[in-house]
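Okay, everyone, thanks for coming.

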Amino acid sequence: MEKEGLGLEITELRLGLPGRDVAEKMMKKRAFTEMIMTSSGSNSDQCESGVVSSGGDVEKVNDSPAAKSQVVGWPPVCSYRRKNSCKDASTTKVGLGYVKVSMDGVPYLRKMDLGSSQGYDDLAFALDKLFGIRGIGVALKDGDNCEYVTIYEDKDGDWMLAGDVPWGMFIESCKRLRIMKRSDATGFGLQPRGVDE
Amino acid sequence: MNYFPDEVVEHVFDFVTSHKDRNAISLVCKSWYKIERYSRQKVFIGNCYATNPERLLRRFPCLKSLTLKGKPHFADFNLVPHEWGGFVLPWIEALARSRVGLEELRLKRMVVTDESLELLSRSFVNFKSLVLVSCEGFTTDGLASIAANCRHLRDLDLQENEIDDHRGQWLSCFPDTCTTLVTLNFACLEGETNLVALERLVARSPNLKSLKLNRAVPLDALARLMSCAPQMVDLGVGSYENDPESESYLKLQAAIKKCTSLRSLSGFLEAAPHCLSAFHPICHNLTSLNLSYAAEIHGSHLIKLIQHCKKLQRLWILDSIGDKGLEVVASTCKELQELRVFPSDLLGGGNTAVTEEGLVAISGGCPKLHSILYFCQQMTNAALVTVAKNCPNFIRFRLCILEPNKPDHVTSQPLDEGFGAIVKACKSLRRLSLSGLLTDQVFLYIGMYANQLEMLSIAFAGDTDKGMLYVLNGCKKMKKLEIRDSPFGDTALLADVSKYETMRSLWMSSCEVTLSGCKRLAEKAPWLNVEIINETDNNRMEENGHEGRQKVDKLYLYRTVVGTRMDAPPFVWIL
C-alpha cells in the first residue's frame, strides 16, 4: 500500500529545501551554500545552540558570514566553548552583561550588569548608585540639564550617545559605558532629545 | 606463573596498570582472571550503558577508582537532546550500598545531580578525587556538599561543565581542617567567587599544585593567591585585566617570579594583553599553554609570549594567531607534541587567519608533534601530503575545514589524496577526523592503511555505501565510528553485524539508514542496543504504513551486556 507523501518527511530533521524528494541523495553532496537557511534570528541564538532556525524561505546564499554557520552542530566546537567564545562577539547574555563603566574624574572603573536593568530609567538609577552621584542618570533622559553625558562603546568600537536606540538593541551592542563631562563634549552639537532639526 | 602463590602473581600484576593490559591479563586463564579481578583498583567504562553497577561490583569488589563516560561524543555539538541519558546517580547509589572504598570518580558527559554529589560526599570516607568533564545537571550546592563532607579531598576538577551557579558559599564549605587539596579547578563557574574563602583555602593547602580560577577572580586576588602558593605547577588565570602601573600588578609580577615550578598556564578569560609580559619570566619553563579562551589576546602580544616558551609540549590556541603566528610556534616550540587551533569566529565571518600554510609550517618545525586539532578555512592535497611526510608519527589527526564539502582550494579536487597520504604515512594513527570535499576514495585509503585507527569522525563525506563498507571491513581496531550528513545507508549498516561487537559504538545522523534497516539490525544483534533518537513524535513513525522506508534521523548503537536500558526518555526508541 503505497501512500504518497504522508507529509511525514516534514518531520525529518534534514538540511536542505523542504518538499524536495528526488534530489535528497544529492542533498548530502550539494554545495554547502544551498544547505543554508538564512535567518533573521539574532546572533545570540546561533551562538548558544547552533540550531538552524526553521521555516522561512531558503535563499541562495550570499557569502554573508552569518549564513555560513547555521548548520546544527557545525563547526564541531563543543557547546561550552561556543558559549564562551561568543562573549568575544559582544553578544551580551542577559544576566551576564557585565560592562565596564568609567566616569571622568574618577580614578577607578566600575563594572555593572546591564542585564539586571530593565530599561534606560533603571540604568540611570543604577549608574547614580554606582558612583554615588545623583544626576548621571538624568543625562540619559534629558540631555539638556545635566552636567554629564552618557556614552557607550558599541560592537563596532564606535562611541555612541546612550538613549537613542531601543533598550534591547542597546544592551546587545553595548560593550562599555563612559560618563563624560558635558563640558568636554561641547561643540559637538548635542541636541536635547526631541528637538527637530 | 602457575607455580607461584596467588599473592606473588598479584604482586606482579600491580605493575601492570593500563586498562588494556589488565583486560588482556584477565583473559589468560581462570586463575589469572580471578586474581586480576580482586586486585583491580581502577576501572574504566567507556560507555556507561555497556554494563551496569551490579556487574561492575560483582567483578571488581576492591574497586577504588572509576571512570565513566555517558553521552556519545556528538552530544558536544548539540546533536543529542539533553534528556537522552547518562545519569550517574544509579552508579553512586549502587557503589554506596556496596560499601566499596571508592576514592576516585571521573565522569565525562554524564548527568550529575546535586543529590548524586551529596550522596557521593557522604558515602565514601576515603573519597579523594572528583573529576567532571562536560557534565551537567548540578549546581554549586552539590559542590558545597563535596567541599563540606569529603575530609580527604585531593582533587576537585571541573572541566567545561554546565553548572548552575547559585552564587552560594561553596568555597567556604571547605572546613578549616581541610588541607589536602592538590587540584582545584572551578574555571567553568560563571558566578561570583568568595575571594576571602578562596584565599584562605589556598593558604592552608600546601600541596596545591593545580589551581584554575573562574572569571570572577580579579587580578589583585590572583596576585595574593600566587604569593601564598609559589609551589603552583598548573595555573588557570581568571580575569586578567588591570593597569600595568597599579600596585596589584607589581605584586603579581613579583609573585610570578617566585613560581618557579609553574609548568602549565591557561585561562585569561578576560585579558588585558599588555599585562601578559608579567608571565614572561616563567615562560621558559612552561610545557603547556592554553590560550584558547583568551579571545582578547592576539597579534604581537601572543607572539611575544610564545617566543619565550621554548619548552612547550602542548599548545591550545585560537586561529587569530594566524599562519604567521604558527610559523613562530614552529620555529620556537621544538618540543611541541600537541597542538589545537580553535576557530575564533564561530559566525563564519571568514576572518580566520589560518590556512594550510600554518599547518605545513608546524609539521615542518615540530618533529615531536603527534596530536593535532586544526580548524581552518581551506586546505590542499599538496599541503596534507607534505604534512604526512614531515610528521609520520601522528596518533591523532583532526582537521576541520570550516566550510563543509570544500575542495582543495587550488585544484578544486576532493581531499581524498591528502587524507590518504596521512593514513598511509601515519602508521600509529588512532584517531582521525575528516572534513572538506571527500569521495568514497578516501574511505578506501582509510580501510587499507589505517590499521590502528580506533576513532573516526565523518561529516558531509562520501558518495555511496561503499565508503562506509571500506572502513568497517578494513579498520580492524575501530572502536568508535561517528558519521553525520553522509550518504551511507542500510546496505553498509547491515553488511557485517558482528563487526559491532568489536566496537564500542556507532553514531549515524542525517544519513540514509531507514527504520526497517535498523530493525533488521536489532533483530540480528540482540547484544546491541540500537537507539533511534527522534525528536519528533516516535508514535507517528510506527503508525505510518511504509514506516520501513522512513529515514532515521539519529541512530546510536552500542554493544552491551545488560540489554535495553530502562532510563531512556520517550524520544529515544530502543529497538
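So, α16(B) and α17(B): these two run roughly parallel to each other, where roughly parallel is any angle under 35 degrees, over 145 would be roughly antiparallel, 65 to 115 roughly perpendicular, and the rest oblique. Before I go on, this is a predicted model, where local features need pLDDT of at least 70, side-chain atom pairs count only at pLDDT 80 or more, and totals for chains, interfaces and linings use all residues. Residues are numbered from 1 along each chain as its sequence is written, chains are lettered from A and ligands numbered from 1 in the order in which they are written, and side-chain values use heavy atoms, with hydrogens and water left out.

Back to the pair. α16 of chain B covers residues 440-449 and α17 of chain B covers 465-474, with an angle of about 5 degrees and axes 8 Å apart. Axes here are lines fitted to C-alpha atoms, for helices over the stretch in contact, and the angle, from 0 to 180 degrees, is taken between N-to-C directions. Helices (H or I, at least four residues) and strands (E, at least two) are DSSP runs, numbered from the N terminus.

Who touches whom? On the α16(B) side we have D440(B), F443(B), L444(B), I446(B) and G447(B), and α17(B) brings K466(B), G467(B), Y470(B), V471(B) and G474(B); contact means heavy atoms within 4.5 Å. By class that's 5 nonpolar, 3 polar and 2 charged residues, counting Ala, Val, Leu, Ile, Met, Phe, Trp, Tyr, Cys and Pro as nonpolar, Asp, Glu, Lys and Arg as charged, and the others, Gly among them, as polar.

Keep an eye on I446(B). Leaving aside neighbours within four places in sequence, I446(B) is in contact with V423(B), L432(B), L434(B), L453(B), L456(B), V471(B) and C475(B). I446(B) is also among the residues that touch the most other members of the largest nonpolar core, which has 189 residues, along with L184(B), Y240(B), F268(B), F279(B) and F397(B). A nonpolar core is a set of buried Ala, Val, Leu, Ile, Met, Phe, Trp, Tyr and Cys residues joined through side-chain atoms within 4.5 Å. Buried is under 20% relative accessible area, exposed is over 50%, and partly exposed is in between, using a 1.4 Å probe and protein chains only. A second, separate core has 20 residues, including M112(A) and Y152(A).

There's another helix pair in chain B: α6 (114-123) and α7 (140-149), whose axes come within 8 Å and cross at roughly 5 degrees. So α6(B) and α7(B) are roughly parallel to each other too. That contact divides into 4 nonpolar, 4 polar and 4 charged residues.

On to chain A. We've got 8 helices and 5 strands there, and of its 197 residues, 42% count as buried.

Now the backbone. Most residues other than glycine have a negative phi, and most peptide bonds are trans. Where does chain A have a cis one? Between W74(A) and P75(A), with omega about -5 degrees; P75(A) sits in the loop between α4 (65-68) and α5 (79-86) of chain A.

In chain B, S134(B) has phi near 50 degrees, in the loop between β4 (129-133) and β5 (136-139). E160(B) has a positive phi of about 55 degrees, and is found in the loop between β6 (155-159) and β7 (162-164).
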